[in-house]
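Subject: Structure handover

Hello,

I am passing a structure on to you.

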Amino acid sequence: MFSLQYALSGDPAKPCYVLSYKGLMIMLDCGLSISSVLNFLPLPLVQSPKFQCLPNWNCRDSDIQLEDGEIKECCGCAFVNSAPEFVPPLEKLIDFSEIDVILISNYTNMLALPYITEGTGFCGTVYATEPTLQIGRFFLEELVEYIEASPKENTARMWKEIQHQLPMPLNDVFKPKNWRHLFSMDAVNKSLARVRMTGYDQKLDIFGALQVTPISSGFCLGSSNWTIVSGQEKISYISGSSTLTTHPRPINQTALKYSDVVIMTGLTQAPHVNPDAMLGELCMNVMMTLRNGGSVLIPCYPSGVVYDLFECLSVSLDNQGFTQIPMFFISPVADSSLAYSNILAEWLSTSKQNKVYIPDEPFPHASLVKNAKLKHFKHIDSEGFSTEFRQPCVVFCGHPSLRFGDAVHFVELWGSNPLHTIIFTEPDFPHMQALAPYQPLAIKTVYCPIETSLNFQQANKLIKELKPGVLVIPENYTQPPAIAPQKLDLVIDPIPDKMIIKFKRGEVIKLPLKRKRGRVYLNPKMAKAIVPQEVQPGVTVSTITGVLQVKDNIHDLLPLEPTKEELADEHKSKPSGPPQPYSQLRTVRYEWGTLDINLLLKKLAQDGFTDLKVEQGSAEEVTLLLPSEDTVIKVSEKNTEIMCGGKQSLRLKLRDLLLQCVQSF
């Protein structure tokens with residue numbers, strides 16, 4: 001049964017969970033929390049007099065000595081003067097080397113992948129759709145390039161030892177000792193080389209025990225929800241989904257219905273606003289700024305909502321008579337992102353797909369680039385930028401945190417001019433915290449979070465339609481968000497007669513999903529010999545005797561008498577190889593009743609197992625340890641497990657001894 005879920009992330013928008021099932025460990029997403037970078041000073045592309053002149057913070061306790069300039073103060077807030085650090089998934093809860101499979105939902109939820117796969121002993125498989133892999137690569141490459149473009153000479157460490165004595169907001173951050181510096185581009189490449197691409201509705205076999213399938217989620221290009229099926233049980237993992245009509249392929253709800261367990265995360269981070277209204281407000285503020293002769297800065301990621309902003313804003317500029325106003329898209333991966341988005345027909349909505357077959361580019365930014373209305377560059381120091389750049393204009397560039405990237409330059413360039421405007425569209429970062437180290441600022445600030453993932457009303461409607469047996473959600477979803485504490489409707493509603501399980505970071509929860517039945521494949525020869533007998537009207541039964549062979553979690557029921565082909569296979573097998581099922585079978589016996597532990601201990605001792613150790617667990621469970629054989633035997637009321645590290649001959653020997661200790665006929 002699916003017994004446990006480990007919550008390695010405390011941010012529902014950047015999820016990372018692990019399911020445990022019969023020795024298999026399945027990781028669901030590996031999101032990276034970047035909000036920690038707000039506690040660090042920005043990394044300017046060139047030396048900034050403003051940040052260099054900020055006063056140092058010194059501890060009042062003379063016994064505590066920080067490195068020179070380790071903490072800087074600005075307008076009542078303290079910032080770490082060092083290379084930014086990030087919050088990877090929790091490492092101490094599980095061993096990443098034990099992860100068998102990682103299922104990625106979308107490119108925003110894979111940024112911690114190098115932390116998990118590199119230098120940890122990980123040897124599992126990662127599954128993601130093609131757009132998730134390729135656009136995720138853009139995000140990771142951009143992030144690494146931004147950090148490496150402005151290296152910090154000093155690395156601040158002492159502040160974490162005296163965190164409780166620091167001023168706001170550093171004294172309130174959560175476990176900074178778990179933060180880590182960013183990985184290298186080499187780690188990114190090695191990590192992404194492990195990813196196997198998959199398509200929507202493709203059924204993937206996981207060691208014969210599970211069948212996992214990516215289902216369109218409607219959130220972004222290539223985004224997926226996942227179904228995990230084992231025998232008669234079904235789990236659905238819903239992360240980063242949308243029912244809005246945008247450029248990705250629509251959500252597939254049918255495949256998620258009637259699941260025994262639904263794990264739901266990745267709901268909107270801006271539940272108090274409507275994305276369409278925010279898009280309209282953004283266009284209005286851009287037009288007002290341009291009319292006053294100012295320019296607009298929109299900090300953004302290299303893919304996703306920015307495609308919709310290009311489309312909407314270009315139409316508004318034309319309608320308002322600003323056809324000559326240029327739009328600049330600046331990112332180390334700008335050209336790759338724009339080019340790649342136009343070759344993804346199978347992952348797009350129907351309306352976008354139809355344009356491909358006209359033929360026409362599915363996204364308008366292709367024609368905007370051709371007509372020089374949208375100009376893209378890797379960096380502000382790229383060849384041709386200084387020639388093309390003119391104001392007023394609209395600039396799209398990263399990073400939305402305003403801690404690194406070209407956006408740092410534009411905030412410093414335009415921050416003292418009230419004619420200019422900076423518009424925040426990404427809800428990942430509180431915009432006032434993003435601007436804090438730049439204060440005081442005269443630039444106009446507008447917060448228009450455009451979040452297309454499910455809001456709480458849509459999520460509650462979806463849950464009712466899916467009819468899950470059990471719903472598993474982050475604890476955050478059961479109480480109003482901090483940005484709108486008075487909105488009591490911004491929660492997941494209770495489900496009548498259904499269980500809702502809440503969890504938070506670092507928790508291990510039990511999922512109430514027990515395997516009631518398993519699938520067994522019946523040998524054709526045995527099937528022909530079955531003679532059903534009617535025991536009551538409409539009910540027929542038949543006895544059957546055979547050998548149950550379990551290999552790679554697949555159960556096969558084989559006849560007692562092997563076929564000629566099976567005898568030939570057994571004869572060909574090497575003497576040192578594991579015995580075939582038939583060679584161990586001499587007489588037909590049916591075991592029943594309770595295992596006699598004392599008799600088993602006696603027989604093990606008689607057979608030469610002298611270093612036997614017994615550990616009593618609960619009242620119904622006993623563990624037998626054979627250290628010299630690296631073997632563990634777990635005996636409980638309902639089942640017995642023999643774990644001996646692949647020693648097939650020893651396992652069969654122990655099995656025979658064990659069967660001698662139960663009653664039979």
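This is a predicted model: local features need pLDDT of at least 70, side-chain atom pairs count only at pLDDT 80 or more; totals for chains, interfaces and linings use all residues.

Residues are numbered from 1 along each chain as its sequence is written, and side-chain values use heavy atoms, with hydrogens and water left out.

Whole chain

The chain has 17 helices and 33 strands; these are DSSP runs numbered from the N terminus, with helices (H or I) of at least four residues and strands (E) of at least two. Of its 665 residues, 50% count as buried. Buried means under 20% relative accessible area, exposed means over 50%, and partly exposed is in between, with a 1.4 Å probe and protein chains only. Among contacts (heavy atoms within 4.5 Å) between residues at least 6 apart in sequence, 69% join residues at least 24 apart.

Cavities

Rolling a probe the size of a water molecule over the atoms shows where empty space is left. A search of the whole structure finds 4 cavities of 30 Å³ or more. A cavity here is a set of points, on a 1 Å grid over the protein atoms alone, where a 1.4 Å probe fits but cannot get out; lining residues have an atom within 4 Å of a point. Points are joined across faces, edges and corners, and the volume is the space filled by probe spheres set on them.

The largest cavity has a volume of about 420 Å³. Its lining consists of 32 residues, and Thr108, Phe219, Glu426, Asp428 and Glu451 lie nearest the centre. By class, the lining has 14 nonpolar, 13 polar and 5 charged residues. Ala, Val, Leu, Ile, Met, Phe, Trp, Tyr, Cys and Pro count as nonpolar, Asp, Glu, Lys and Arg as charged, and the others, Gly among them, as polar. At least three lining residues come from each of domain 1 (2-36 + 89-149 + 176-271 + 453-510) and domain 2 (275-447). The domain bounds come from an automatic or database domain assignment.

Two helices

Helix H5 (residues 275-291) has 17 residues and reaches 24 Å from its first C-alpha to its last, close to the 24 Å expected. The expected span is 1.5 Å times one less than the number of residues. The buried residues of H5 include Met278, Leu282, Val286 and Leu290. Among the elements that cover the buried residues of H5 are helix H6 (305-319) and strands E14 (296-299), E17 (394-397), E18 (421-424) and E19 (444-447).

Leu650, Leu652, Leu654, Leu657 and Leu658 are buried in H17. Their cover includes helix H16 (597-606) and strands E30 (622-626), E31 (631-635) and E32 (640-643).

Single residues

Is phenylalanine 377 buried or exposed? Phenylalanine 377 counts as buried because its relative accessible area is 13%. Phenylalanine 377 is in strand E16 (residues 374-377). Leaving out residues up to four places away in sequence, phenylalanine 377 touches residues including Phe328, Phe329, Ile330 and Phe385.

Lysine 498 lies in the loop between strand E20 (470-474) and strand E21 (499-503), and is partly exposed at 39% relative accessible area. Beyond its neighbours within four places in sequence, lysine 498 is in contact with Pro468 and Gly469. The C-alpha atoms of lysine 498 and glycine 469 are separated by 6.4 Å, although the two residues are 29 apart along the chain.

Backbone

Most residues other than glycine have a negative phi, and most peptide bonds are trans. Cysteine 75, not a glycine, has a positive phi of about 50°, and counts as exposed because its relative accessibility is 56%. Aspartate 201, also not a glycine, has a positive phi of about 65°, and is partly exposed at 42%.

A cis peptide bond joins methionine 168 and proline 169, with omega about -5°. The bond from glycine 398 to histidine 399 is cis as well, with omega near 15°. Histidine 399 is in the loop between E17 and helix H11 (406-414).

Regards

Notes
On a 1 Å grid over the protein atoms alone, a cavity is a set of points where a 1.4 Å probe fits but cannot get out, and a pocket is an open set with protein on both sides within 12 Å along at least five of seven lines; lining residues have an atom within 4 Å of a point.
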